[in-house]
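Subject: Structure handover

Hello,

Please find the structure below, followed by notes on what turned up in it.

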Amino acid sequence: MPPAGLTRFNTADDGTARAALHEVCASRAWGERMLARRPYATTDTLFAASDAAMAELTAADLAEAMAGHPPIGRPKPGDPTSRREQSGMVGASDALKAEMLELNLAYQEKFGHVFLICASGRTGEQMRDAVRNRIDNTPEQEREIVRAELGKINRIRLTRIAEHAEGDAA
């Protein structure tokens, strides 16, 4: 039997389910593929569908997905999801925060989008080291790394949907 949150997602009207999926990933193409594959019998089938939908995204779809993510170190004000996911930067020193801002800007100038990483569980230093390592990648290499990182983020966020019990704070 699917978890209560997954059952609720499976039986939600399309508008409600679409809105929940948009909170997971800002790519409309990804969301529509996920919506079309409902119902999901298990969290694993939900993850498999997400991975398949992510693999099918075009460069434009990936850009749309990335546009939904704030830069590391600057979570969206009032957005508990981005604040939670970027919690590794909360206790970072001012010097580290300034370095991340500089690295984020250099990365964005080179690639045309925010530096995207699954930040959950990572320290500020680990995120800084990742952007330093990735800034020398080619755009093609970086696009596939971003696709993989988005997939990880989606799984974390989908888990919250699947496990969310009625009345719990998501």
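The side chains of Glu64 and Arg28 form a salt bridge, with N and O 3.2 Å apart (a salt bridge being a side-chain nitrogen of Lys or Arg within 4 Å of a carboxyl oxygen of Asp or Glu). Glu64 sits in helix α5 (residues 59-66) and Arg28 in helix α3, so this pair ties together parts that are 36 residues apart in sequence. Arg28 counts as exposed, at 60% relative accessibility (exposed is over 50% relative accessible area, buried under 20%, partly exposed in between, with a 1.4 Å probe and protein chains only).

Before the rest, the basis: this is a predicted model, in which local features need pLDDT of at least 70 and side-chain atom pairs count only at pLDDT 80 or more, while totals for chains, interfaces and linings use all residues. Residues are numbered from 1 along each chain as its sequence is written, and side-chain values use heavy atoms, with hydrogens and water left out.

The chain has nine helices and zero strands (helices are DSSP runs of H or I of at least four residues, strands runs of E of at least two, numbered from the N terminus). Its radius of gyration is 16 Å, close to the 15 Å that the globule rule gives for 170 residues, so the chain is as compact as a globular protein of that length (the radius is taken over C-alpha atoms, and the rule is 2.2 Å times the number of residues to the power 0.38). Of the 170 residues, 42% count as buried. Among contacts between residues at least 6 apart in sequence, 69% join residues at least 24 apart (contact means heavy atoms within 4.5 Å).

Back to the charged pairs. The whole structure holds 13 salt bridges. One of them joins the side chains of Arg18 and Glu32, at 2.6 Å from N to O. Arg18 belongs to helix α2 (residues 14-24) and Glu32 to helix α3, so the two tie together parts 14 residues apart in sequence. Arg18 is partly exposed at 37% relative accessibility, and Glu32 is partly exposed at 37%.

Arg155 pairs with Asp51 in another salt bridge, the closest N and O atoms being 2.4 Å apart. This pair links distant parts of the chain, with Arg155 in helix α9 (residues 139-163) and Asp51 in helix α4, 104 residues apart. Glu99, Arg128, Asp129 and Arg132 are linked in a network of salt bridges.

One backbone item: the peptide bond from Arg38 to Pro39 is cis, with omega near 0 degrees. Pro39 lies in the loop between α3 (28-36) and α4 (43-55).

Regards
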